[in-house]
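I opened this notebook to keep track of what I looked up. The entries follow the order in which I went through the model.

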Amino acid sequence: MTDEDLPELLPLVREYCDFYKVAPRDEDLLDLSRALRADPDREGVQLIARAPRGAAVGFATVYWSWDTLIAARIGIMHDLYVAPAARGTGVAEELIRACVDECRAHGAAGLGWQTARDNARAQRVYERVGATRAEWIDYWLAVTPETS
């Protein structure tokens with residue numbers, strides 16, 4: 001992905017955020033994409049999927065992390081989104097394969113991600129590509145800045 005892709009990426013990221021009922025500012029979303037582009041070896045990568053005629057139809061974001069239990073670098077696919085009109089066409093599988101390729105290129109030992117328990121359609125895609133369910137339960141703790 002290049003900076004020239006950002007105007008086509010932003011509407012897809014906005015749809016993704018709308019799906020999860022969150023509303024970060026467009027400029028913040030663009031800053032995130034620019035940060036990844038500036039340091040893909042340390043931060044992560046964003047990938048954009050295109051239809052045969054070139055229109056942007058999906059994206060994925062992989063962040064780099066480490067896993068102490070295997071003592072190796074890993075990729076975390078934090079985002080995977082396919083526009084409704086392109087669902088069921090293999091775009092999700094292509095994006096996952098591209099994420100795996102990026103992991104391989106960046107020396108990551110594996111790729112992990114999560115989905116909602118009720119997202120059965122996504123779970124079918126993940127099972128088709130050979131992914132297995134982890135046994136972990138996710139927790140989240142918001143960190144608010146200290147005020148003076």
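**Entry 1: aromatic rings**

Which residues do ring pairs link into a cluster? I found Y16, F19, Y20, F59 and Y81 joined in this way. I note here that the model is a predicted one.

I then looked up the aromatic pairs in the whole structure, and the search gave 6. One of them is Y16 with Y81, an edge-to-face pair. Its ring centres are 6.1 Å apart, and the planes make 65°. Y16 sits in helix 1 and Y81 in strand 3, which covers residues 72-82. The two are 65 residues apart, and I wrote this down as a link between distant parts of the chain. Y16 and Y81 are both buried.

Next I took W113 and Y126. Why is this pair edge-to-face? The planes stand at 70°, and the cut-off for edge-to-face is over 60 degrees, so the pair falls in that class. The centres of the two rings are 5.1 Å apart.

W113 is in the loop between strand 4 (111-112) and helix 4 (120-128), while Y126 is in helix 4. They are 13 residues apart in sequence, so the pair ties those parts together.

Is Y126 buried or exposed? Its relative accessible area is 12%, and buried means under 20%, so Y126 is buried. W113 has 26% relative accessibility and counts as partly exposed.

**Entry 2: two helices**

I looked up how helix 1 (residues 6-19) packs against helix 2 (residues 26-38). The angle is about 115°, and the axes are 10 Å apart. The crossing of helix 1 past helix 2 is right-handed.

Which residues of the two helices meet? From helix 1 I listed L6, L9, L10, V13, R14 and C17. From helix 2 I listed D26, L29, L30, S33 and R34. Sorted by class, this contact has 7 nonpolar, 3 charged and 1 polar residues.

I counted bridges next. Strand 1 and strand 2 run antiparallel and are joined by 7 bridges. Strand 2 (residues 56-67) and strand 3 also run antiparallel, with 10 bridges.

Why do I call strand 1 largely enclosed by the rest of the structure? The reason is that 6 of its 7 residues are buried, so I used that description.

**Entry 3: R50**

R50 lies in strand 1, and A56 in strand 2 stands opposite R50. I found R50 partly exposed, at 32% relative accessibility.

What does R50 contact, leaving aside neighbours within four places in sequence? I listed D5, E8, A55, A56 and V57. I also looked up A86, which is 36 residues from R50 along the chain; their C-alpha atoms are separated by 9.7 Å.

L111 is in strand 4. With a relative accessible area of 21%, L111 is partly exposed. Not counting residues up to four places away in sequence, L111 touches V62, G75, I76, M77, I96, C99, V100 and C103. From L111 to R73 the C-alpha separation is 9.6 Å, and the two are 38 residues apart along the chain.

Where is it placed? A116 is in the loop between strand 4 and helix 4. A116 counts as partly exposed at 32% relative accessibility.

How values were computed. Residues are numbered from 1 along each chain as its sequence is written. This is a predicted model: local features need pLDDT of at least 70, side-chain atom pairs count only at pLDDT 80 or more; totals for chains, interfaces and linings use all residues. Side-chain values use heavy atoms; hydrogens and water are left out. Axes are lines fitted to C-alpha atoms, for helices over the stretch in contact, and angles run from 0 to 180 degrees between N-to-C directions. Helices (H or I, at least four residues) and strands (E, at least two) are DSSP runs, numbered from the N terminus. A crossing is left-handed if the near helix is turned anticlockwise from the far one by less than a right angle, and right-handed if clockwise. Contact means heavy atoms within 4.5 Å. Ala, Val, Leu, Ile, Met, Phe, Trp, Tyr, Cys and Pro count as nonpolar, Asp, Glu, Lys and Arg as charged, and the others, Gly among them, as polar. Rings of Phe, Tyr and Trp (its six-membered ring) pair if their centres lie within 6.5 Å; planes under 30 degrees apart count as stacked, over 60 as edge-to-face and the rest as tilted. Buried means under 20% relative accessible area, exposed over 50%, partly exposed in between (1.4 Å probe, protein chains only). Two strands pair if DSSP finds at least two bridges between them.
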